[in-house]
Amino acid sequence: MTVIDTPLSADAQKVSDLVDDLLEQYPPASTPAREFLGQQFDRGLAWVHFPEGHGGLGLSPGLQRSINERITAAGGPNSMSRNPIGYGMCGPTVVVWGSEEQKQRYLRPLFTAEEIWCQLFSEPGSGSDFAGLSSRGSRDGDEWIVNGQKVWTTLAHLSRWGLLVVRTDPEAVKHAGLTAFVVDMHAPGVEVRPLRQMTGEAEFNEVYFTDTRIPESEMLGKPGEGWRVSLTTLMNERVSIGGTIPRKGSGSIAALVNAWNDLPEDRKDAVTRDDVMKLWSRAEVLRLTNIRANQMRKMGDPGPEGSIAKMASADLNKDILAKVVDLLGADGMLYGSYEMIRPETAMESDTLQKAFLRSRANSIEGGTTEVMKNILGERVLGLPGDVRVDREVPWSQVPRN
Ligand SMILES: Cc1cc2nc3c(=O)[nH]c(=O)nc-3n(C[C@H](O)[C@H](O)[C@H](O)COP(=O)(O)OP(=O)(O)OC[C@H]3O[C@@H](n4cnc5c(N)ncnc54)[C@H](O)[C@@H]3O)c2cc1C
């Protein structure tokens with residue numbers, strides 16, 4: 001087969017030259033990770049679609065993939081695995097909604113993972129219906145006082161900053177009464193308690209706010225714009241969770257192929273081979289769909305294709321890892337320890353058994369599969385909307401328990 005090298009576009013060439021320069025001047029093998037990431041940020045290679053001076057070059061987000069691939073291949077560090085909520089969701093929200101001072105203050109240490117971030121949206125009474133949340137924020141001079149409880153807060157135990165949404169106007173309809181802030185996770189009145197998962201680990205937490213003071217300057221957007229701010233976060237969350245583009249045959253599907261290869265010959269029957277091939281094909285279709293969605297993605301606005309990727313990748317990953325554990329046979333039941341640990345990162349597993357248990361969360365975290373189906377049904381297929389009885393009612397008058 002003849003491979004034809006297509007010439008790089010001017011933008012792709014510019015990015016490629018900058019990556020060459022980064023790798024030459026700061027060889028990953030001899031450069032501390034934070035220094036390397038700082039240099040990557042300063043060259044505009046952190047989020048290439050962000051504006052210049054804020055970790056980007058104002059170019060197409062599709063170019064980020066080749067940057068990441070080259071840096072990974074050279075053994076360089078990865079901001080996404082060190083600060084997943086920060087890199088995937090909080091950075092993209094700060095760049096759209098933050099003041100110039102906030103962007104200057106937060107983006108670089110977020111990217112270098114010197115400062116870990118968490119997302120404080122979900123509450124015990126509002127997950128899917130996140131706009132119905134009850135945590136309150138009230139103005140006191142040039143500060144806001146926050147009281148309430150958040151839940152499922154990934155990596156809150158390591159976080160320096162949190163992206164917080166609270167209700168500041170209970171008399172407005174639910175979506176209109178929300179306001180977003182950057183909250184200092186070390187401020188008085190912030191308490192983080194571990195929540196243990198079925199893996200034994202506690203990568204997420206409950207977070208309690210008791211008279212926590214936040215300066216007005218830490219608001220993102222304006223009072224009442226919290227819903228619009230959080231849509232930026234949620235759209236990016238879906239792409240960040242479901243839209244990653246692994247190399248062909250890598251990731252959990254590689255684990256399945258390995259498990260198949262390791263099977264004794266008498267267990268390699270036609271039905272199992274068929275199951276493995278179907279999953280492999282689904283993985284490849286999703287990978288190609290994500291490549292296409294990534295090319296089409298508008299600057300900074302992932303759009304509904306993020307919900308497709310999120311939904312499809314959740315179901316696929318669960319199915320692949322369930323099949324891996326099946327193929328492992330009795331070994332699939334061997335689990336090292338359920339001792340509670342506080343992991344340094346989220347969404348990563350060092351054994352296949354743990355990856356299987358962790359994958360059960362895929363169709364819940366970042367919006368459930370059922371809710372993704374509602375979004376796609378309404379926004380893409382134009383089907384009739386979900387029943388929303390509280391839409392026109394002031395939040396304070398909506399019945400709740
Ligand atoms: C591993 C993990 C990490 C997480 N990390 C974070 C985090 O860092 N920050 C954060 O803020 N949150 C986080 N979450 C919370 C997550 O966003 C919520 O769990 C999710 O949005 C669902 O909300 P819920 O758990 O309250 O379930 P509910 O909203 O109570 O849903 C219960 C069930 O009802 C279904 N359902 C609800 N509404 C509808 C509807 N309109 N139509 C059809 N079905 C519906 C749901 O699909 C689900 O099956 C995390 C969750 C997990 C599992």
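Author: Four helices, α5 (84–97), α7 (226–242), α11 (352–359) and α12 (369–380), each supply at least two residues of the lining of the second largest pocket. Helices (H or I, at least four residues) and strands (E, at least two) are DSSP runs numbered from the N terminus. Keep in mind that this is a predicted model: local features need pLDDT of at least 70, side-chain atom pairs count only at pLDDT 80 or more, and totals for chains, interfaces and linings use all residues. Residues are numbered from 1 along each chain as its sequence is written, and side-chain values use heavy atoms, with hydrogens and water left out.

Reader: Which helix gives the most to the lining of the second largest pocket?
Author: That's α7, with seven residues. A pocket here is an open set of points on a 1 Å grid over the protein atoms alone, where a 1.4 Å probe fits, with protein on both sides within 12 Å along at least five of seven lines; lining residues have an atom within 4 Å of a point.

Reader: How many residues line the second largest pocket, and which lie nearest its centre?
Author: The lining has 48 residues, and G127, S128, G367, T368 and V371 lie nearest the centre. They divide into 21 nonpolar, 13 polar and 14 charged. Here Ala, Val, Leu, Ile, Met, Phe, Trp, Tyr, Cys and Pro count as nonpolar, Asp, Glu, Lys and Arg as charged, and the others, Gly among them, as polar.

Reader: How do I read burial in a helix?
Author: Buried means under 20% relative accessible area, with a 1.4 Å probe and protein chains only. In helix α8 (residues 252–262), the buried ones are I253, A255, L256, A259 and W260. Seen down the axis of α8, they fall within an arc of 155 degrees, so they line one face of the helix. That arc is taken from the directions from the helix axis to the C-beta atoms.

Reader: Which helices do the buried residues of α8 pack against?
Author: They pack against α9 (270–296), α10 (305–328) and α11, judged by contact, meaning heavy atoms within 4.5 Å. As for α11, six of its eight residues are buried, and those buried residues pack against α10.

Reader: And how do I read a strand?
Author: Look at its partners: two strands pair if DSSP finds at least two bridges between them. Strand β4 (residues 161–167) and β5 (residues 178–184) pair in the antiparallel sense, over seven bridges. One of these links R167 with L178. On another side of the pairing story, two bridges join β5 to strand β8 (residues 219–220), again antiparallel, with F181 partnered by M219. Six of the seven residues of β5 are buried, so the strand is largely enclosed by the rest of the structure.

Reader: Is F36 buried or exposed?
Author: F36 is buried, with a relative accessible area of 0%, and it lies in helix α2 (residues 33–42). Leaving aside neighbours within four places in sequence, F36 is in contact with L22, L23, Y26, P28, T31, I71 and P77.

Definitions and conventions. Buried means under 20% relative accessible area, exposed over 50%, partly exposed in between (1.4 Å probe, protein chains only).
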